[in-house]
Amino acid sequence: MIERFLKQTHFESVEDYNKNLEFIIPENFNFAYDVMDVWAEEKPDGLALLWTNDQGAEIRTTFRELKEQTDQAAAYLQSLGIGKNDPVMLILKRRYEWWVVMLALHKLGAIVIPATHMLTKHDIVYRNTRASVKAIICADDDYIIGQIKLAMPESPTVKVLIKVSETPDSSNSSTSWHDWQSEWQLAPKFVKPAFVNTNDDTMLMYFTSGTSGEPKMVAHDYLYAMGHLTTGVFWHNLHEGSLHLTVADTGWGKAVWGKFYGQWFAGATVFVFDHEKFNAETLLRQIEKYKVTSFCAPPTIYRFMIREDLSKFDLSSLEYCTTAGEALNPAVYDKFFEKTGIRMMEGFGQTETTMTLGTLPWMTPKPGSMGMPNAQYHIDLLRADGTSCEDGEKGEIVVRVGDRKPIGLFKEYYRDAELTREAWHDGIYHTGDMAWRDEDGYYWFEGRIDDVIKSSGYRIGPFEVESALMTHPAVVECAITGVPDDIRGMVVKATVVLGKEWKDKAGDDLVKELQQHVKRVTAPYKYPRIVEFVDELPKTISGKIRRVEIRNNDKEKGHRE
């Protein structure tokens with residue numbers, strides 16, 4: 001498959017990859033037709049999707065069956081008036097139908113807007129209004145349905161509502177809702193539209209997870225899917241015999257990083273575990289039972305996995321493990337390697353991009369490093385004055401765009417030209433993330449520009465202090481933020497989640513122990529002068545720590561006090 005889209009498909013080294021990665025770009029590329037339907041012809045009985053849930057259900061779908069189902073779904077959506085350029089929001093959790101509907105909407109040239117199931121009425125109204133959403137397809141969940149109903153009076157563009165139930169709803173008397181299970185297989189035979197898309201048309205939009213401010217509307221064109229070929233084939237190191245599991249909610253951009261485009265470019269089987277609440281032991285049992293060969297999850301998941309007795313699980317099927325979503329603490333890497341013998345390969349990117357930095361198979365991972373630039377992007381580090389950083393110097397990660405937009409980089413912030421210009425101007429896309437580069441060309445994450453703490457003249461990146469804290473056995477998770485201080489400008493604060501065996505030791509003595517530990521592990525001036533113990537950290541649906549929420553809560557406490 002990939003030989004259709006790459007001039008060279010195998011690489012031996014970083015130099016080989018950087019020199020010879022070159023895409024073959026078809027006219028009017030459409031992932032559903034040009035990849036998935038081709039697999040249905042060439043590999044009809046190959047297992048495309050293995051879906052399971054925490055109730056013991058299981059669905060195995062071949063490429064041929066998936067084509068049949070997506071054609072039928074496209075016909076059904078056509079019958080409801082959904083077509084080219086129509087924005088359709090999906091709130092389907094990890095339901096099996098998400099994969100079917102995604103491909104069906106691609107076949108129609110509609111604009112897909114995946115969304116999290118945790119949205120409130122306000123969130124839904126905001127998205128409906130900003131994107132002129134025409135249809136919503138959602139799981140038949142009381143909370144989701146309830147919030148959508150509350151949002152409808154303020155959502156005049158929404159014309160079609162479809163709920164996806166586990167069984168056909170024969171009692172559905174509402175005229176405002178369509179029932180997927182009762183209707184979708186009754187639609188007439190699918191007729192492919194005469195014209196579906198150009199490469200520049202908008203295929204997919206994500207509202208960013210919002211670690212700060214209102215979510216931005218990130219618009220991607222049809223070549224965004226092709227941009228993930230390197231994600232699945234090279235970063236995940238997948239092949240036709242792979243069974244790949246990425247832990248990600250379908251409302252988060254990481255879902256198409258790890259559960260959709262790149263994996264199917266490789267001809268691998270996408271493994272899905274649909275669950276309501278994360279439990280490390282349950283997840284490990286799924287890996288063991290189904291013999292998952294490739295696994296990707298944010299560092300948060302690995303932090304809880306290494307707290308389990310991994311000797312109780314047969315993980316011998318695992319060949320390859322990757323991580324992204326936030327920076328990986330070296331202590332987590334080391335403990336996972338010690339327990340499994342597998343070296344985690346880190347990657348970095350944003351909702352606006354595909355993988356921009358990564359540790360690829362021909363590279364030796366450095367624990368805590370994001371790896372090196374993906375050759376499809378021209379990555380640089382910039383000082384505040386716009387000049388390039390030297391090795392060892394902290395700067396902002398940017399993408400130099402040049403004359404042609406890299407495959408995988410977003411089109412724009414939809415309907416917000418000013419915000420687009422702020423992030424992308426003078427031929428440079430600014431990520432807003434800080435890093436430094438070592439003498440071997442590996443990049444090391446420092447934090448968001450807004451998260452950097454300026455204390456007594458020092459610039460302290462939160463990740464370096466978090467990594468130091470994570471080497472203490474008491475700490476499961478932590479977040480470092482700055483707190484205003486009359487003398488130092490700001491002081492470092494650590495918000496810490498303790499392991500269950502340490503919770504009853506929370507107090508002044510443990511605070512001092514953690515402070516001394518940080519002083520020993522990293523430069524003493526970075527130690528947290530304030531330590532707060534909490535049961536959990538505020539996070540986005542994607543698992544990213546919301547430091548802005550911690551800062552805002554501290555401000556409110558200060559005002560009240």
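The model on the screen is predicted, so local features need pLDDT of at least 70 and side-chain atom pairs count only at pLDDT 80 or more, while totals for chains, interfaces and linings use all residues. Residues are numbered from 1 along each chain as its sequence is written, and side-chain values use heavy atoms, with hydrogens and water left out.

Phe31 belongs to the largest nonpolar core, which has 90 residues. A nonpolar core is a set of buried Ala, Val, Leu, Ile, Met, Phe, Trp, Tyr and Cys residues joined through side-chain atoms within 4.5 Å. Buried means under 20% relative accessible area, exposed over 50%, and partly exposed in between, with a 1.4 Å probe and protein chains only. Which members of this core touch the most other members? They are Phe31, Leu77, Leu90, Phe260, Tyr261 and Trp264. Helix α4 gives the most to this core, with nine residues; helices (H or I, at least four residues) and strands (E, at least two) are DSSP runs, numbered from the N terminus. Apart from this core lies another, of 51 residues, among them Leu284, Phe313, Leu315 and Phe336.

I turn now to the aromatic rings. The whole structure holds 32 aromatic pairs. Rings of Phe, Tyr and Trp (its six-membered ring) pair if their centres lie within 6.5 Å; planes under 30 degrees apart count as stacked, over 60 as edge-to-face and the rest as tilted. One of the pairs is Trp98 with Phe260, an edge-to-face arrangement at 5.6 Å centre to centre and 70 degrees between the planes.

Two lysines are placed over rings. Lys192 lies over the face of Tyr33, 4.0 Å from the ring centre, and the charged end of Lys505 sits over the ring of Trp502, 4.6 Å from its centre. The criterion is that NZ of Lys or CZ of Arg is within 6 Å of the ring centre and within 35 degrees of the ring normal.

Next, consider helix α5 (residues 121–131), whose buried residues are Ile124, Val125, Tyr126, Arg127, Asn128 and Ala131. These pack against several elements, including β3 (87–91), β4 (111–114) and α6 (142–151). Just after α5, Ser132 takes a positive phi of about 50 degrees.

Asn85 is not a glycine, yet has a positive phi of about 70 degrees. Is Asn85 buried or partly exposed? Asn85 counts as partly exposed because its relative accessibility is 39%.

Finally, the whole chain. The protein chain has 18 helices and 27 strands. Its radius of gyration is 24 Å, close to the 24 Å that the globule rule gives for 561 residues, so the chain is as compact as a globular protein of that length. The radius is taken over C-alpha atoms, and the rule is 2.2 Å times the number of residues to the power 0.38. Buried residues make up 61% of the 561 residues.

Conventions:
Contact means heavy atoms within 4.5 Å.
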